[in-house]
Amino acid sequence: MPAKIPATVVTGFLGAGKTTLIRHLLQTANGRRLALIINEFGDVGVDGDLLRSCGDATCREEDVVELANGCICCTVADDFIPTIEKLLARAEPPEHIVIETSGLALPKPLVKAFGWPEIRTRVTVDGVITVIDGAAVAEGRFVPDEEALAAQRAAAPVGSAGALDHDSPLEELFEDQLACADMVILNKTDLLDDSSLSAVSTGLAAQLRPGVKVVKARHGAIDAGVLLGLGAAAEDDLAARPSHHDAEEEHDHDDFESFHVDLGTVADPDALARKLKPVIEAHDILRLKGFAAVAGKPMRLVVQAVGGRIQHYYDRAWRADEVRGTTLVVIGERGLDRAAITAALAA
């Protein structure tokens, strides 16, 4: 029997640094033939475009497959299985498959899919890598607001969808991503002082299965030799990876929503960042990302925001066949005021 093709699942919450981690992985892959499957929650693909434009020979257009407008854990049969089958049907199949899940995806249903007969004999889950935004954990982003939850429960009729009987969706998702991990990358350690870093590391270690290592990183700079070759065969170890949603036949993401805003040319990147910050804070936006066209600049501006932390940089020149403009993807918990957010961004 030929050896199974290893697959690495890279999971982690919105803005944790999964795409940056994969870019470093590509740069240190030493010629290994990789295929990438990139999943986006929104309907505009940002992460896949960033990887395709990384300027490295390992980022060939045909090796990057994008699954947008939904979480991969909910579309296994419709999207993921056919994608894997197409990769396996190539005349020259990949040597390793790397899957970047949406920041809102549950990793366990995806790992479970590798037990399907069409895949099981040819692919194995080499490991689940969970990327953690150390600064977000230190800020308490994944700790539920007990007062807000109590108010929501009190306001909702008994038996209604709003009558929550579980912890906050952020906390549940965070715990599920940790519970499935074979390795945890504690990213953005450069944003933490020694005391905060120690506290976050200790807190994470208490939530992990025995033997799961925590690797500290800045800007996702981890060598492919560390990330690949774990040999976990995670599809055979599902019982040891508990999920809050194990009892559910189907799962959805009704707690979250996403939309995008199209704007014109931006006069000044710093002014754009200053305008974004109060909008993000006022509407409790979890994640904002996209591309912007800056007046007088031939380069495309990448915009990334996690909570109130906003970053922007130029990644490449606009192509001749592209329409220059600004598109920002907004992701948050259900109930975002789309009209108010759009109006504020367009002002």
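Buried residues make up 52% of the 347 residues in this protein. Buried means under 20% relative accessible area, with a 1.4 Å probe and only protein chains counted. The model is predicted: local features need pLDDT of at least 70, side-chain atom pairs count only at pLDDT 80 or more, and totals for chains, interfaces and linings use all residues. Numbering starts from 1 along each chain as its sequence is written, and side-chain values use heavy atoms, with hydrogens and water left out.

Now look at the fold. The protein has twelve helices and twelve strands. These are DSSP runs numbered from the N terminus: helices are H or I with at least four residues, strands are E with at least two.

Next, go inside. The largest nonpolar core has 25 residues. Such a core is a set of buried Ala, Val, Leu, Ile, Met, Phe, Trp, Tyr and Cys residues joined through side-chain atoms within 4.5 Å. Phe13, Leu104, Ile132, Leu178, Val184 and Leu204 have the most contacts inside this core. Elements giving it two or more residues include α6 (134-138), β6 (183-187) and β12 (326-333). Helix α8 supplies the largest share, four residues.

Take Val184. Among the residues it touches are Thr130, Ile132, Leu178 and Val215, leaving aside those up to four places away in sequence. Contact means heavy atoms within 4.5 Å.

A second, separate core has 22 residues, including Ala35, Leu88, Phe114 and Ala234.

Finally, find Gln304 in strand β10 (residues 299-306). Gln304 is buried, with a relative accessible area of 13%.

How values were computed
Buried < 20%, exposed > 50% of the residue type's maximum accessible area, 1.4 Å probe, protein only.
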